[in-house]
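Welcome! Have the viewer open as you read.

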Amino acid sequence: MFELIVNSGLVGLVLLFIGATCVFLTIRALVRSHGEAARVDLGISRRALLFWGGLAVLLGFLGHTVGVFKALSVIVEAETVSAQDVSAALLASLSTVILGFLVLAIAGAGWLGLGVVEKRAQAS
Amino acid sequence: MNTFDDVLREVSEQMDLPLDVRRRVLLELAADLEDLRRSGVESGLDDAAARARALEFVDYDPQAVSALAAVHAAAPRRFLEGLSGVARSRGERVVLLLVSLALVQVGGTLCVGGEFVQCAGALAWPVLFVLLATVLAALLGFYRQRVRGDQRAVAARATWTWLTRSMLLQAALGLIAMGIGLSEALAALGEHATDAEVTKSVGDIPEGLLAQLRILRKTTAALALASFGLLVACLLWHRSAQRLHTFEHGELELLRSLAVEGFPTGTTPSTPHSTQLPCSN
């Protein structure tokens, strides 16, 4: 996991923060999930999780395209191709997209979990 | 509900003032109108005639309302007032700032040297054009809301709608670029299918494969630009949605307070048409 973040560079670091935000939002909404105001808060937190999850995927995809472009540039333009350079660029590109989807998975899990809590709160 | 609720709403939409100032002006106007209507009813007029006479007496003027903006709040003050955060928590705002900084860094990589733009070729220009239009629309909205202090939900919704469309357009352009790139790559694959050679080292990459790699590189460059544009549009859209939410919430509160503090006629406060929130985060 640590290697994944290191390989992703700055985008990976930002994705890590987004993941932490998703976890924080979920925990905060769960802790405050009592009362009428909390029900509204649950809805807002669920939408926020969707926003952060979507943003993480887009950011991961952006890092992926930039990484693939760099790898292809190494192959197409260079006279002698260094396999190390190509693999580093491809690793960076794959790491960001994997991290992006990982954050989306966390946000999705939080969204589903809060949905269950919201339904229970409405039923009671 | 105030008897002059419709008139007050109309005046509210025309007023280019911060919410607190607008609230004071509208309360004053509501009280004046109601006083006049009541005195008309007391002097023997029916309710409709008294209402019409009250409106004739007050006869508000949009230009006078605009002049009020200059009197009540100077541009720097309105600008500073608008700087108050609307994101839900400080942590979220910091992460958004980090995302923006990462985008600046990636944007620098994409634009400095022009390698991506040059490589993407014709596919880059529609993406860059939409990106430029998006940033201009956001800047215009920023100027209108922060510098001129125009905090009407109607105006904020126009910016929000534009940013939503440009976000969808960026996504569509990315898909088109991917479609074009993949079809070109497939065509090249068919063309060079007979060139199959055993590659012993990277230096021996056959020309057919190199052609495909160049096409894929072009497609990737266009995709990188499109996803960058989409992310920029997303962040601007998010900000715009937050502002719109704040303005609509403020207007709803304003109308509610007028209904409560004004002169109720026994009915429940009406909900304005613009209270449908597009995004509350």
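A helix here is a DSSP run of at least four residues, a strand a run of at least two, and both are numbered from the N terminus. Please keep in mind that this is a predicted model.

**Exercise 1. Describe the make-up of chain B and of chain A.**

Step 1: Begin with chain B, whose secondary structure amounts to 10 helices and 0 strands. Following the sequence, the pattern reads α-α-α-α-α-α-α-α-α-α.

Step 2: Turn to chain A, where there are 3 helices and 0 strands, giving the pattern α-α-α.

Step 3: Of the 281 residues in chain B, 44% are buried. Chain A has 124 residues, and 51% of them are buried.

**Exercise 2. How do H1 and H3 of chain A pack, and at what angle?**

Step 1: Recall what has to be found. Two packed helices are described by the angle between their axes and the distance between the axes.

Step 2: Locate the pair: H1 covers residues 2-31 of chain A and H3 covers residues 83-123 of chain A. Their axes lie 9 Å apart, at an angle of about 5°.

Step 3: Compare with the cut-off, since angles under 35 degrees count as roughly parallel. H1(A) and H3(A) are therefore roughly parallel to each other.

Step 4: Sort the residues of this contact by class: H1(A) and H3(A) meet through 18 nonpolar and 9 polar residues, with no charged ones.

**Exercise 3. Which elements and residues line the second largest pocket?**

Step 1: Take the volume: the second largest pocket holds about 230 Å³ of space. It is lined by 16 residues, and those closest to its centre are A:Ser8, A:Val11, A:Gly63, A:Val66 and A:Lys70.

Step 2: Look at the helices involved. At least two lining residues each come from H1, H2 (36-77) and H3 of chain A, and from H6 (90-111) of chain B. H1(A) gives the most, with 5 residues.

**Exercise 4. Is B:Gly229 buried or exposed, and where does B:Gly174 lie?**

Step 1: Find B:Gly229 in helix H10 (residues 207-261) of chain B. Its relative accessible area is 0%, so B:Gly229 is buried.

Step 2: Find B:Gly174 in helix H9 (residues 153-191) of chain B. At 8% relative accessibility, B:Gly174 counts as buried.

Step 3: Compare sequence and space. B:Gly174 and B:Gly229 are 55 residues apart in sequence, with 9.3 Å between their C-alpha atoms. For B:Gly229 and B:Gly107, the separation is 122 residues in sequence and 9.2 Å from C-alpha to C-alpha.

Step 4: B:Arg165 has 59% relative accessibility, so it counts as exposed. Between the C-alpha atoms of B:Arg165 and B:Thr134, 31 residues apart along the chain, there are 9.3 Å.

**Exercise 5. How many disulfides are there over all chains?**

Step 1: Apply the cut-off, a pair of cysteine sulfur atoms within 2.5 Å. A search of the whole structure gives 0 disulfides.

Step 2: B:Cys119 is at 15% relative accessibility and so counts as buried. B:Cys234, with a relative accessible area of 14%, is buried.

Note on methods. Residues are numbered from 1 along each chain as its sequence is written. Chains are lettered from A and ligands numbered from 1 in the order in which they are written. This is a predicted model: local features need pLDDT of at least 70, side-chain atom pairs count only at pLDDT 80 or more; totals for chains, interfaces and linings use all residues. Side-chain values use heavy atoms; hydrogens and water are left out. Buried means under 20% relative accessible area, exposed over 50%, partly exposed in between (1.4 Å probe, protein chains only). Axes are lines fitted to C-alpha atoms, for helices over the stretch in contact, and angles run from 0 to 180 degrees between N-to-C directions. Angles under 35 degrees count as roughly parallel, over 145 as roughly antiparallel, 65 to 115 as roughly perpendicular and the rest as oblique. Ala, Val, Leu, Ile, Met, Phe, Trp, Tyr, Cys and Pro count as nonpolar, Asp, Glu, Lys and Arg as charged, and the others, Gly among them, as polar. On a 1 Å grid over the protein atoms alone, a cavity is a set of points where a 1.4 Å probe fits but cannot get out, and a pocket is an open set with protein on both sides within 12 Å along at least five of seven lines; lining residues have an atom within 4 Å of a point. Grid points are joined across faces, edges and corners, and a volume is the space filled by probe spheres set on the points.
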